[in-house]
Every structure is written in C-alpha cells, then in structure tokens.
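Please read the following note beside the sequence and the model.

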Amino acid sequence: MRARGVTTLELAVSMAVAAMIFTILGAIFIAQGRYFAIEDAIAQTQYNAFQILDTAGLYALSSSGVIASRTIGGTAYTTGTSTLVLELPSINAADDVLVNAYDYVALGVSPSDPTRFTVAIDASTNSARTDAVRYPGALVDKLIFRYNTTDPTAATAIELYVRTRKDARGRTILTPLGKIYYLGSS
Amino acid sequence: MKTRGLTLIEIVVGVSLVSMLIVVFGVSLLAAVYAQRIKLRNMASVLADQQLAALQVYDTSQLTNQTNGGLVGVLFTQGSFGTVQDLTAPSPSRALGAATSTSSGLTSVLPLPKNAYGDFTLTAKFKVNNGSAAAWKAGVLFRARDLRNHYRAYLTSSSLVLQKISGDVVTTLYSDARSISQGTWQTLSVTASGSSISVSLNGTLVTTKTDATFSVGQAALAVWEGASVNFDDVSIGGDSWNFDAVTLGALHDDWLRFGLGDLPSGTGTLTVSTPYSDTSYKRYSVTISWLDRSGSTRTVTHVTEKAN
C-alpha cells in the first residue's frame, strides 16, 4: 500500500489545534502560578502574624508589668504604641522564679527594618534567659500596642494589633490579627 | 474521497485531555478559595479566643446565663469603616465613612485609637447621608468596657439622647426633642470629668449629668440601624483626626484594630450556661459568624468552662 502524505489543510488544522491547546495550557499554567503565589502569600502573612502574637504572648503572660523605658544593648526602648517594654521575674534553669531579680524584654519593630518584629532581652545575671536580640516575625506592615489604663505602666491588659503584608502577582495580601494579653496570667 | 469518522480511542483521549485541563484549573481555583476561607476561619478563631481570654478575669458569679447574647469585656470593631470623598465635610475633602450590610440595632462600631480614656472631651462631627433609614441613630460610646457596659450619646431624627448601659440595662440620663435632618453636619461633643458628663451639640451645652458607674474605658464612633454616616474632625484628649491625608477606602493608621469588622459581615455572640448542678461552674461558648463569598454563613465556636 502506498503511504499518503499530509495535506496542507491537515497540517494547518493540526497546527491550529496544537496552538489552541498550548494557549489553554499556558493560560492554566499562568493562572495556577498566580493562585499558588497568592496562597503562599496568605500562608506567609498568617504564619508571621501568628508568630508575632505567640511571641508577644510568651513574654506578656509571664510579665510582672510594663515599664516606661529600658536601654538594651545600647538601644533605648520606650513604651508606647509602637514599642512595649516588659519586666519579667527572672527564672532559673528549672523555671523557678528568682527572688528580686528581673529580666527586661522590649517588643517592637526593628529600627533598621520596620518589617521585622524584634524582641530585645536584657537578662539578669543568674537568669536562665540570655541577653539577645531576636527577630521572630517578618512582613510587618503595622504594629500597635494599646493599654487598658491611661498610664501604660499601670496596665494590666495589653492589646496587640499586627498586620502583615505581602505583595503577590499584583495583589496585596494583608492579614490583620490582634490579641489581648492579661499580664502575669500564665 | 471517503471521509473517516473519529475512532472511539480518539474520542476518549480527546475527552480525557479536556477533562484533565478542566480539573487542573478547578483544583487551582478551589485551592485559592479554601486558602481565603481558612484565613477567615483563623481570624475568627483568634477573635473567639480573645473573648474567652477576656472572660478569665471575671468571677463566674459576675456573669449571668444568656443564650447568644452580647460579648463581654471586649469592644470589637463592627461593620465597615473607610475614608470617603466628601466635599461637604467640615475639613474637605475626605471623611470617615461608616457603612454596614446589616440593618438593625447597633450596626457599626469603631473604637478610637486608645483603649483607656478617663476624663476627656470627645468631639465628632458627623452627617447622616440621605437615604438612610428613618430610624437612624449616630453618635459615640464612651467609658466603654463592652457593648453591655458603657455610656452613649447619640442623635436621632427627633432627639439627642444620653444613656448609660450597665449590664445590658439601659438608663436614659437625658433626652430631648429636636429635629435633625439627614444630609446636615452636626457637631456632638461629650466632656467626661469624674462623675460629671456634659453633652454639647453644635457648640451649645445641652446637658450636664452626674453618674459614677464607669470612670474609664474605650471611646467609639457608633451607628445604628444600618445608617450611612460620614464622620470628620474627631478629637479626644489632645489628639485629632480629619482623615484628609488617608487613602480612600482605608482607615487612618492610628485607628487600625482587629475585630469583627475584619470579617465580611462579622458578628459575635456569647452563650453563658450552667452545665452542672454546681452553679458556680460556668460554660462559656463564643460563636463568631461571617459570610463567605457565596453568601453562606460560616461560624467558629470556641467553648471553655470555668469554676470559681
């Protein structure tokens, strides 16, 4: 049997069908990339917002009170709407409270990078906590501390508002979260 | 020339390819929808936890049983607030607009930036936009612990009212008859000093009352009955906001808060019950509800129990 070649029309039709399929596949691929980028941004903003709330809670719930200001590692931190300075009873390695010894923790955003949540710790000599500056959260867009008394140093409850932000494929993903901490209630 | 039809295998392959593409696309779309749904669920969970945490400072005897009642010890944002264009605003050309998708009761609440205002003068200029419900109310809450415990001063189309709400019991401290038209700017001012509370309207002192029930608390802008209201030139204790430099649709940075207003049509209820024969034991059940994109109501319920 003699094999027949492909006609110009058949070739044109198959090329048109192939082009259509690739166009659809391309559109799906682009749409998928966009969806995953947005999902990833949502996940990242949520993760960081929760991380910030949890970290603040870790210190606030074991704190004995708010203090007006403290210099830690050469940086002066002052309690206000953007910064919170807490006094915590020092603890030993067994988590027992040390008498008349206190650690100080400042929470806020990094002065050099306001998108990073910063925890600066000034620990007393025998404390199990150590002096450190840590960055447990990123993507910070807004961070606000509020107090349940007109004088923040008399506060018994602190409200933290945090909003994280990430831009993904032309969309801005914002995740606002907040929490009220009752000091020393851990 | 004899034309040949499609074979079964060609049809199966063709249909499979198309189905595959549709499934892949559908799955991606669903994943994005679920990511958003999970985000809202997480936010609702945080709000529910916040209410439960607030209840821990109350002795169980202080909370009476209720079913799907108001939240206690927290004052969340409610409804939708955002900066709007308003050329008639006292400080043109932007104002803070309140809107809501619900239409009865207290529909929009936006606490002022600080959580504690003791003695202060709070002034807010506002205009109820034309087309709002005839039963509109708009004004301020102050020295508020929650929506069940606070003072409030507000205007209606026919009166100025000053009330105390203590444990959900409403006591009217002052009320008068006057005509207030929609579409006109009003300046409502409240001065709280110790147990003295004075209310002024458009610069004229209307009343001074004495009540010592609440000495400190939050202050908030409030709108009832789904009215559309624009606020401008809000001031309290030396701070003031005219919203002119704020992006349309956004809130002033100082005013950002996490609350029910962050959920689409978000609402919250608290049920307090006595599940055991020992009545000092209470069960608290918090339900946060919101509407998803399809218009379905979604809820998150967190429950805890506490004994004295």
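The points below go from chain A as a whole to its parts, and then to chain B.

1. Basis of the note. This is a predicted model, in which local features need pLDDT of at least 70 and side-chain atom pairs count only at pLDDT 80 or more, while totals for chains, interfaces and linings use all residues. Residues are numbered from 1 along each chain as its sequence is written, and chains are lettered from A and ligands numbered from 1 in the order in which they are written.

2. Overall form of chain A. Chain A contains 1 helix and 10 strands; helices (H or I, at least four residues) and strands (E, at least two) are DSSP runs, numbered from the N terminus. In sequence order the pattern is α-β-β-β-β-β-β-β-β-β-β. The radius of gyration of chain A is 27 Å, whereas a compact globule of 186 residues would have a value near 16 Å. That radius is taken over C-alpha atoms, and the globule rule is 2.2 Å times the number of residues to the power 0.38. Along the principal axes, the C-alpha atoms of chain A fill a box of roughly 100 × 35 × 30 Å.

3. Burial and contacts in chain A. Of the 186 residues in chain A, 33% are buried. A residue is buried if 20 or more other C-beta atoms lie within 10 Å of its own, exposed if 12 or fewer, and partly exposed in between, with C-beta atoms placed from the backbone. Among contacts between residues at least 6 apart in the sequence of chain A, 55% join residues at least 24 apart; two residues are in contact if their C-beta atoms, placed from the backbone, lie within 7 Å.

4. The sheet E8-E9-E10 of chain A. This open sheet has 3 strands with antiparallel pairing; two strands pair if DSSP finds at least two bridges between them. Strand E8 (140-147) and strand E10 (171-182) of chain A each have a single partner strand, so one side of each is left without a neighbour in the sheet. Neighbouring strands of the sheet are turned by 10° against each other on average, direction ignored. E8(A) and strand E9 (residues 157-168) of chain A are joined by 7 bridges, and Arg146(A) stands opposite Glu159(A) in E9(A). Helix H1 (residues 8-60) of chain A lies across E9 and E10 of chain A and runs at about 160° to E9(A). For such angles, axes are lines fitted to C-alpha atoms, for helices over the stretch in contact, and angles run from 0 to 180 degrees between N-to-C directions.

5. Two residues of chain A. Phe36(A) lies in helix H1 of chain A and is partly exposed, with 16 other C-beta atoms within 10 Å. Leu139(A), in the loop between E7 and E8 of chain A, has a positive phi of about 65° although it is not a glycine. Is Leu139(A) buried or exposed? Leu139(A) counts as buried, because 24 C-beta neighbours lie inside 10 Å.

6. Helix H1 of chain B. The 48 residues of helix H1 (residues 8-55) of chain B should span 70 Å at 1.5 Å a residue, and the end C-alpha atoms are 68 Å apart, which agrees. The expected span is 1.5 Å times one less than the number of residues. The buried residues of H1(B), including Leu40(B), Met43(B) and Leu47(B), pack against E10 of chain A together with strand E16 (267-273), strand E17 (281-291) and strand E18 (297-307) of chain B.

7. The sheet E1-E16-E17-E18 of chain B. This open sheet has 4 strands with antiparallel pairing. Strand E1 (66-69) and E18 of chain B stand at the edges, each with a single partner strand, so one side of each is left without a neighbour in the sheet. The twist averages 15° from one strand to the next. E17(B) and E18(B) are joined by 11 bridges, and the bridge partner of Leu291(B) in E18(B) is Thr297(B).

8. Loops of chain B. A cis peptide bond, with omega about 10°, joins Pro92(B) and Ser93(B). Ser93(B) is in the loop between strand E2 (80-85) and strand E3 (94-99) of chain B.
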